[in-house]
Amino acid sequence: MMQTMEQQNDKISFFKGMRDGVPIALGYFAVAFTLGITAGKAGMNALQSSLMSALMLASAGEFAAISMIGSGAGVMEMIVTTVVINMRYLLMSSALSQKVQPNRPFLHRIFMSYAVTDEIFGISMTVPGKLNPFYQYGAASVAAPGWVLGTFLGTMVGMILPAPVMSAMSVAIYGMFLAVVIPPARKDKIIAAVVVVSMSVSLLFQSIPGLKNISSGFQIILLTVLISAAAAILFPVQEEQHAS
């Protein structure tokens with residue numbers, strides 16, 4: 001039976017997504033490998049860390065959760081922290097839903113929500129015209145396994161590597177955050193100022209007697225909410241004025 005035009009377009013979009021997802025998968029593997037080492041240090045086994053990566057698919061959220069697992073934080077604390085850290089995905093999903101081809105069933109939006117990561121969102125939003133859901137499926141079919149496999153191998157290798165090597169490799173996760181923060185901070189002085197303020201206030205939380213007793217999870221929640229709210233009030237993003 002001959003394929004319909006829509007099926008052919010879906011197939012083409014899927015393979016385009018796979019092609020564009022390969023570089024993302026390679027980057028995910030490298031970062032997830034370090035994440036897996038961190039998970040192993042926190043007492044998680046390869047199955048647990050891999051399952052977390054498969055279900056969450058969020059580097060910052062996973063790293064925060066793993067850090068709190070290692071420090072013995074409570075379940076509710078971990079849930080609230082990961083929700084706050086991953087809240088940006090709500091905005092990404094809202095933007096992406098407006099770009100999806102309007103004739104597609106709503107079920108596609110549910111499936112697409114699994115793979116709304118920073119990188120996959122980025123390449124999906126740059127697709128000319130309306131977005132075929134199968135493009136994102138293709139990208140996710142390559143990128144997500146790279147993330148999960150990296151986590152699995154990182155945890156497995158972390159269990160057999162000497163402690164000094166594990167400690168040295170776990171520093172790489174901070175390099176990922178620097179790679180995310182530095183480029184926009186160099187382009188925008190306001191972002192740079194917010195980063196400096198965040199680091200300074202975080203240092204105060206670690207130094208002042210009353211504040212340093214607050215658990216690391218709730219420190220993340222307080223700093224994220226307070227600093228982002230202050231920045232939004234003091235430096236609101238101006239909407240572009242379009243000529244009528």
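K99 sits in the loop that links α5 (88–97) to α6 (107–112). The model is predicted. In it, K99 is buried but forms no salt bridge. The protein chain has 13 helices and zero strands.

**K99 and its surroundings**
- Beyond its neighbours within four places in sequence, K99 is in contact with S124, M125, V127, P128, G129, K130 and L131.

**Overall fold**
- Along the sequence, the pattern reads α-α-α-α-α-α-α-α-α-α-α-α-α.
- Among contacts with a separation of 6 or more, 76% join residues 24 or more positions apart.
- The protein chain has 244 residues, and 36% of them count as buried.
- Its accessible surface is about 14,400 Å². Carbon and sulfur atoms supply 72% of that surface.

**Aromatic pairs**
- The structure contains four aromatic pairs.
- One of them joins F14 and F15 edge-to-face, at 5.9 Å centre to centre and with 85° between the planes.
- F14 is partly exposed at 25% relative accessibility. F15 is also partly exposed, with a relative accessible area of 48%.
- F134 and Y137 form an edge-to-face pair as well, at 5.2 Å centre to centre and 80° between the planes.
- Both F134 and Y137 belong to helix α8 (residues 133–158), where they are three residues apart, about one turn of the helix.
- F134 counts as partly exposed at 25% relative accessibility. Y137 is at 19%, so it counts as buried under the 20% cut-off.

Definitions and conventions:
Residues are numbered from 1 along each chain as its sequence is written. This is a predicted model: local features need pLDDT of at least 70, side-chain atom pairs count only at pLDDT 80 or more; totals for chains, interfaces and linings use all residues. Side-chain values use heavy atoms; hydrogens and water are left out. Helices (H or I, at least four residues) and strands (E, at least two) are DSSP runs, numbered from the N terminus. Buried means under 20% relative accessible area, exposed over 50%, partly exposed in between (1.4 Å probe, protein chains only). Contact means heavy atoms within 4.5 Å. Accessible areas come from the Shrake-Rupley method with a 1.4 Å probe; for residues, only the protein chains shown count as cover. Lys and Arg count as positive and Asp and Glu as negative; His and the chain ends are not counted. A salt bridge is a side-chain nitrogen of Lys or Arg within 4 Å of a carboxyl oxygen of Asp or Glu. Rings of Phe, Tyr and Trp (its six-membered ring) pair if their centres lie within 6.5 Å; planes under 30 degrees apart count as stacked, over 60 as edge-to-face and the rest as tilted.
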